[in-house]
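Could you walk me through this model in my viewer, one selection at a time? I would like to know what to pick next and what I will find there.

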Amino acid sequence: MESILGGKSNRMIYAENREKYFEQVIAMFESGMIAKEIIKVVPVGKSTVYRWYDEYIATNKDASIRKSPKEAAEVIRRLRSRVAQLERKCDVDKNAVVLEKAYIKALQNEIAGIATDIATIAGRLSSLEEKLNLII
């Protein structure tokens, strides 16, 4: 679709940019960059970067990327709250911690989930490193 003046329409430019840069933007988010940093590297606007992030998260519910330091701070706050909750559930008897077996099993499952998340992140970082090596 050409515009009246013969140039590309905004939709065409957006589609081309999405095809060229979408994966790169997501990889940058996965590596810990924020939108403000990404737009210095990728020639798209901040609102486009956020739109692509939102699209990616909507289709990848278990994605482990964060949109901003504010969002990361919220995750850290929730994790601290969870640690405090776990500490309250543990009874301390002299130098030993007494836990119910069911609770230990729940903790094991939670740890296994975290280990899986870390493995996924490591895989994504490795993939990003390979992509960057291809660019260099």
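Predicted model: local features only at pLDDT ≥ 70, side-chain atom pairs only at ≥ 80, totals over all residues.

Residues are numbered from 1 along each chain as its sequence is written, and side-chain values use heavy atoms, with hydrogens and water left out.

Now widen the selection to V25, F29, I38, V42, V44, V49 and W52, the residues with the most contacts inside the largest nonpolar core, which has 14 residues. Such a core is a set of buried Ala, Val, Leu, Ile, Met, Phe, Trp, Tyr and Cys residues joined through side-chain atoms within 4.5 Å; buried means under 20% relative accessible area, exposed over 50%, and partly exposed in between (1.4 Å probe, protein chains only). Colour α1 (10-30), α2 (35-41) and α3 (46-59), the elements that each give two or more residues to this core. The largest share, six residues, comes from α1. Helices are DSSP runs (H or I, at least four residues), as are strands (E, at least two), numbered from the N terminus.

Next, look for the two salt bridges, each a side-chain nitrogen of Lys or Arg within 4 Å of a carboxyl oxygen of Asp or Glu. Pick R18 and E55: their closest N and O atoms are 2.5 Å apart. This pair links helix α1 to helix α3, 37 residues apart.

Finally, select E110 and R82, whose salt bridge spans 2.9 Å, N to O. E110 lies in helix α5 (residues 101-135) and R82 in helix α4 (residues 69-89), so the pair ties together parts 28 residues apart in sequence.
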